[in-house]
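The following exercises are to be worked with the sequence and the three-dimensional structure at hand. Each task is followed by a stepwise solution.

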Amino acid sequence: MQDETTPLLPIKAEEEDTINEFNGASFSGAVFNLSTTIVGAGIMALPASIKMLGLIPGILMIILVALLTEASIDMLVRCSHQGKITSYGWLMGETFGDWGRIALQASVVINNVGDVLSGTSTTGVHHSGIFEGWFGPHMWNSRPIVLLATTLVVFAPLVSFKRLDSLSYTSALSVALAVVFVVITAGVAIVRLIEGSVEMPKLFPEIDGINSVWKLFTAVPVLVTAYICHYNVHSIDNELEDRTQIKPIVQTSLGLCSSVYIATSFFAYLLFGEATLSDVLANFDSDLRIPFSSVFNDIVRVSYVVHVMLVFPIVFFALRLNLDGLLFPTSRHISRDNRRDPYDVATKRDKVLAVTMIVLAVVSNAVALYSDALNIFYRKQEA
């Protein structure tokens with residue numbers, strides 16, 4: 001029995017004594033796959049977070065979280081290379097033991113695209129989905145049917161590939177469609193700005209008491225989760241022809257995604273102002289007050305839903321690996337090596353930074369939960 005296990009999928013062809021099967025993923029393909037992992041459905045919640053924080057603090061927070069993400073991935077990759085660890089679950093098992101690995105693998109979850117295609121309701125207002133807007137409400141374009149058809153027609157074929165690199169072309173298309181959303185939103189906002197029909201966004205948050213300060217923390221989890229991609233870093237790294245490229249790949253992806261996030265947040269907030277909804281896509285079922293408004297609304301929503309559909313196979317890939325590790329655990333058991341941080345790679349700066357990020361995450365999420373609970377309590381009292 002081997003002491004060290006192999007990943008679910010082959011790293012390179014030569015490691016399995018096969019010839020000319022796979023020569024390694026390209027730099028651009030890896031950038032697109034990592035960028036698609038980052039830019040998911042959460043992008044639509046960013047404008048509302050900027051509305052809450054104000055333009056300047058919001059953009060600064062997007063940049064700060066990107067820098068923290070780069071630092072955390074750098075630590076993850078260096079420790080993994082030193083320990084010859086080839087999966088995120090394996091790394092968690094080495095660090096936190098079997099229960100830590102199980103907790104990590106069990107928490108890899110996915111979102112859905114039903115809101116975009118079949119409509120959604122927020123604050124008591126129903127926002128029509130694409131099919132509902134085109135054809136009216138019918139059983140065939142209801143949420144369950146749309147999700148079933150999407151799963152069978154889109155998800156099932158794309159998640160069947162052996163390697164993540166096989167999804168590089170769909171990932172490139174997904175990133176391009178996210179850029180289409182940004183370009184259209186920016187174009188409409190600029191036209192409205194020239195016409196003088198938009199209000200200038202507030203630069204800083206409005207503070208009128210301690211409760212408004214607590215409420216600001218509800219934006220932090222949105223910004224942090226917008227950069228979650230760590231669970232796919234090992235899969236991308238394993239397939240590289242030159243694994244020293246992983247650092248510039250991560251930096252390029254984070255730079256690209258940060259640019260998309262900043263542009264989306266700025267122009268969407270500029271366009272809709274204080275009417276920006278928690279899911280800004282719901283704002284695109286109203287009159288944009290420009291010629292061909294309905295056409296632009298449909299283009300935005302169609303491009304976004306296809307973008308999200310192409311994000312899912314990337315997430316499903318990680319889900320498949322983690323489900324395999326959960327059902328058939330192959331990581332070295334903690335009893336074989338009960339040391340923590342056994343590879344002596346982390347510097348004092350790394351440890352301080354890691355503890356700082358954990359504390360910030362725990363505190364900000366605790367305050368956000370407290371603020372949400374407080375708001376629910378006050379709403380019930382007012383009712």
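**Exercise 1. Determine which residues are linked with D74 in a network of salt bridges, and describe the pairs.**

Step 1. The network links D74, R78, R349 and D350; a salt bridge here is a side-chain nitrogen of Lys or Arg within 4 Å of a carboxyl oxygen of Asp or Glu. The model is predicted: local features need pLDDT of at least 70 and side-chain atom pairs pLDDT 80 or more, whereas totals for chains, interfaces and linings use all residues. Residues are numbered from 1 along each chain as its sequence is written, and side-chain values use heavy atoms, with hydrogens and water left out.

Step 2. In the pair D74 and R78, the closest N and O atoms are 3.0 Å apart. Both residues belong to helix α3, four residues apart, about one turn of the helix. Helices are DSSP runs (H or I, at least four residues), numbered from the N terminus.

Step 3. R349 and D350 meet through their side chains at 3.9 Å, N to O. R349 is exposed at 61% relative accessibility, whereas D350 is buried at 5%. R78 counts as partly exposed, at 27%. Buried means under 20% relative accessible area, exposed over 50%, and partly exposed in between (1.4 Å probe, protein chains only).

Step 4. The structure holds six salt bridges. One of them joins R243 to D237, with the closest N and O atoms 2.9 Å apart. Here R243 is partly exposed, with a relative accessible area of 27%, and D237 is buried, with 2%.

**Exercise 2. Identify the residues with the most contacts inside the largest nonpolar core.**

Step 1. A nonpolar core is a set of buried Ala, Val, Leu, Ile, Met, Phe, Trp, Tyr and Cys residues joined through side-chain atoms within 4.5 Å.

Step 2. The largest such core has 78 residues, and those with the most contacts inside it are L34, I38, I43, Y227 and Y261. Helix α12 contributes the largest share of this core, 14 residues.

Step 3. Beyond residues up to four places away in sequence, L34 touches C229, V233, I236, I249, V250 and S253.

**Exercise 3. Locate K84 and F292, and state whether each is buried or exposed.**

Step 1. K84 lies in the loop between α3 (55–83) and α4 (88–106), and F292 in the loop between α12 (246–272) and α13 (293–327).

Step 2. Although K84 is not a glycine, its phi is positive, near 55 degrees. F292, also not a glycine, has a positive phi of about 60 degrees.

Step 3. K84 is exposed, at 61% relative accessibility. F292 is exposed, with a relative accessible area of 63%.

Key. Helix = DSSP H or I, 4+ residues; strand = E, 2+ residues; numbered from the N terminus. Contact = heavy atoms within 4.5 Å.
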